[in-house]
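Q: I'm new to this one. Can you walk me through it, starting with how the parts are arranged?

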Amino acid sequence: MDKNVVYTDQTWQTRISAPRHKQGLWELVKATPARIGVGRTHTRPLTKTMLKLQYDHAQAIDAVRSEVSRECLQAFDLFSVDTCFQDKETYLKRPDRGRVLSNDAVKTIKEKCLSRPQVQIVVSDGLSAKAIETNLKDVYPALLDSLEASGLKPGTPFFVRGGRVACMDHIGEILKPEVLVLLIGERPGLASAHSMSAYMCYQPRQGTIESDRTVISNIHPNGTPPIEAGAHIGTVLKKMIEQQASGVRLQW
Amino acid sequence: MKTTITLLNKTYQFNNVKELLAKANEEKSGDQLAGIQAKDAEERLAARHLLAELTLSDIREHPVIPPEEDEVSRLIDEAVDEKVYQIIRNWSLAELREYLLSSQVTGKEIDWIRNGLTSEMIAAVTKIMSNMDLIQAAGKIAVETHCRHTIGQKGVLAGRAQPNHPTDDLNGIKASMYEALSYGVGDAVIGVNPVDDTPDNIKKILTMIKEEIEKWKIPTQNCVLGHVTTQMRAITEGAPADLMFQSLAGTEAANEAFGIRIDLLDEANELIHKAGTAKGPNRWYFETGQGSELSSSAHHGVDQVTLEARCYGLARKYKPFIVNTVVGFIGPEYLYDSKQVIRAALEDHFMGKMHGLPMGVDVCYTNHMKADQNDMENLALLLGTAGVNFLIGVPMADDCMLNYQSTSYHDIASVREILGLRPAPDFESWLEQMGIMNNGRLTEMAGDPSLFYTV
């Protein structure tokens with residue numbers, strides 16, 4: 001049996017067969033990204049609507065479970081170290097472990113990294129390895145370009161497996177950078193399973209509080225465009241160094 | 001109070017009631033994160049055996065958080081009806097469980113006994129009840145409340161329409177709200193979570209919903225779920241609000257992290273009764289959920305079931321119209337998988353009803369939890385059989401503003417259909433007038449939001 005099926009966003013769309021007000025329905029559907037005007041079979045959703053929801057969730061699940069490939073890290077010359085996360089299940093249950101680097105990691109980065117760099121770049125899978133796979137190829141070169149244009153010098157970048165945002169503080173203690181930027185996968189939503197955030201901090205140390213961090217979130221092709229985000233990060237880091245501050249204390 | 005128990009030849013020791021309560025819990029990642037869980041499955045059962053033998057007075061006399069340190073503890077202890085307590089104080093928790101489940105005991109007896117119980121006693125008995133126990137006992141308790149209209153009657157399953165929008169766009173909110181109404185959802189409340197928590201914005205959304213309620217004569221109530229202080233300012237500036245909303249936690253310190261204290265809630269209570277737009281006695285909408293105290297490091301080493309019960313001890317002071325436990329929102333570090341979410345939902349629903357509260361449940365999960373929509377459908381049906389007052393309705397279960405999945409408008413209609421439940425009576429009459437429902441079933445016209453579209 002040969003059957004070839006191609007789905008696009010249009011194919012998934014379901015509609016109410018005989019709405020009271022056809023133009024009105026179209027205007028209502030257009031007014032919100034919520035899944036409305038989808039119709040029903042008695043009290044249950046139509047098949048395509050249901051499968052689309054399951055498909056979006058499937059992407060989110062895969063994003064949480066996925067790993068950043070070796071090729072991706074090699075392409076940007078990033079070596080990889082681990083936090084104390086142990087495995088995916090422990091990572092999800094124990095956020096505290098993702099905030100601390102393993103002993104091996106501490107040793108490795110002490111050996112390999114430039115100490116007291118002006119800008120420390122760190123990449124981490126966080127809750128979505130897919131976010132890194134999707135966006136790093138655009139964000140990273142744009143970030144390096146913007147550092148150069150701003151006259152800022154990066155140290156030795158690396159990748160952290162099983163990282164949480166606050167692993168910045170531990171890395172800050174070890175390498176004492178002037179500013180640190182962490183590119184990390186966000187918790188996947190149904191709208192996007194590969195959204196990345198850039199967390200930035202001036203002199204991150206143990207005990208840094210959330211409001212000391214500056215964040216650019218929602219970085220993905222349909223959100224904050226990755227290339228623009230990369231360039232913007234350079235500008236923000238420069239401001240932090242000039243003002244010796246980050247987070248809520250940074251003046252825009 | 002040091003306690004020991006010997007099961008066959010093995011002896012277990014627990015240093016205090018707080019430790020015993022924690023170790024008797026079903027497995028929860030939040031208790032593991034707090035480092036207070038049982039070492040293994042056998043110790044968990046040793047704790048449960050021992051807990052079953054403790055008396056109600058043992059629980060009361062060994063408070064998990066001393067009243068002198070915490071205003072929630074004080075409130076709960078002072079609310080005990082001493083006459084009832086004296087009658088039951090020597091009951092063991094095993095006896096309390098069997099009393100609640102016995103065929104002679106109905107909602108009427110439970111209405112009486114609750115006056116002698118503290119939140120901690122209710123939490124304690126929950127730990128020695130199985131899931132089916134929790135469903136059967138909760139099913140005896142009907143809690144009717146009245147704001148603009150009445151919900152909570154036996155056989156009624158109401159729904160909150162939750163028409164959130166990522167930028168609070170009024171037309172977007174309206175569109176999603178029309179979809180809800182066309183599925184017969186919105187009798188509990190039309191309630192929006194705002195992105196922008198400012199008085200002006202809250203007033204704007206409340207006003208829009210109010211105008212729609214008046215235009216279509218919808219028998220429901222409006223609410224915008226901002227911080228209580230923002231709502232107070234909006235209402236003082238003339239915003240039309242039927243309900244006041246606030247998230248609650250089970251300790252004074254965790255409530256401080258939420259920016260609230262009992263005296264602030266008292267002030268808000270006075271305002272909503274004076275300046276609110278509803279006439280009924282029940283003017284509050286509270287939300288709770290296991291894990292919030294630990295997330296603000298304000299848990300005092302107490303387990304998340306006991307802390308959740310204390311939220312209800314606080315909530316009942318204000319005779320709320322609806323209380324909603326947002327059961328899977330907080331993430332896998334508190335409830336790891338669907339098994340834990342289902343257990344927590346049944347515990348919360350039972351504990352809330354034991355406090356005499358009009359309990360609803362946000363049957364929900366985030367994408368990094370080990371759960372999916374099938375789990376939520378299972379849980380929605382379980383809660384329907386337990387007599388839950390309301391469920392949350394979100395377009396196709398996907399909240400495009402809060403970024404989590406809950407139950408859908410379709411799901412609420414389906415739970416009613418499968419279990420023979422009905423919308424709130426006033427709301428059902430209105431649905432019939434609108435041609436959306438007939439004899440408790442959706443009509444051909446249902447599910448079409450353009451029914452409410454006007455040029």
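Predicted model: local features only at pLDDT ≥ 70, side-chain atom pairs only at ≥ 80, totals over all residues.

Q: What area is buried between domain 1 and domain 2 of chain B?

A: About 3700 Å², and carbon and sulfur atoms give 62% of it. Buried area here is the accessible area (1.4 Å probe) that two parts lose on being put together, summed over both. B:Lys28, B:Glu71 and B:Ile135 supply 17% of the area on the domain 1 side, more than any other three residues.

Q: How many salt bridges are there across that interface?

A: The rule finds 5 between domain 1 and domain 2 of chain B. A salt bridge means a side-chain nitrogen of Lys or Arg within 4 Å of a carboxyl oxygen of Asp or Glu. B:Arg310 forms a salt bridge with B:Asp70, with the closest N and O atoms 3.1 Å apart.

Q: Switching to chain A. Which domains does the assignment give there?

A: Domain 1 (9-64) and domain 2 (69-249). Their C-alpha centres lie 36 Å apart, and 9 residues of domain 1 of chain A are in contact with 10 residues of domain 2 of chain A.

Q: And what do those two bury, and which residues supply it?

A: Domain 1 and domain 2 of chain A bury about 720 Å² between them, 66% of it on carbon and sulfur atoms. A:Ala60, A:Ala63 and A:Val64 supply 62% of the area that domain 1 buries against domain 2, more than any other three residues. The salt bridge count between these domains is 0.

Q: Which helix residues in H3 of chain A are buried?

A: A:Thr49, A:Lys52, A:Leu53, A:Asp56, A:His57, A:Ala60, A:Ala63 and A:Val64. Buried means under 20% relative accessible area, exposed over 50%, partly exposed in between (1.4 Å probe, protein chains only). Seen down the axis of H3(A), the buried residues fall within an arc of 125°, so they line one face of the helix; the arc is that of the directions from the helix axis to the C-beta atoms.

Q: What is on the face turned away, and what covers the buried side?

A: The face turned away carries the exposed residues A:Thr47 and A:Arg65. The cover over the buried residues includes helix H7 (129-149) of chain A and helix H19 (373-386) of chain B. Helices (H or I, at least four residues) and strands (E, at least two) are DSSP runs, numbered from the N terminus.

Q: How many salt bridges are there across the interface of chain A and chain B?

A: The rule finds 3. A:Arg44 forms a salt bridge with B:Glu377, the closest N and O atoms being 3.2 Å apart. Chain A and chain B bury about 3700 Å² between them.

How values were computed:
Residues numbered from 1 in each chain as written. Chains lettered and ligands numbered in written order. Heavy atoms only, no water. Contact = heavy atoms within 4.5 Å. Domains from an automatic or database assignment.
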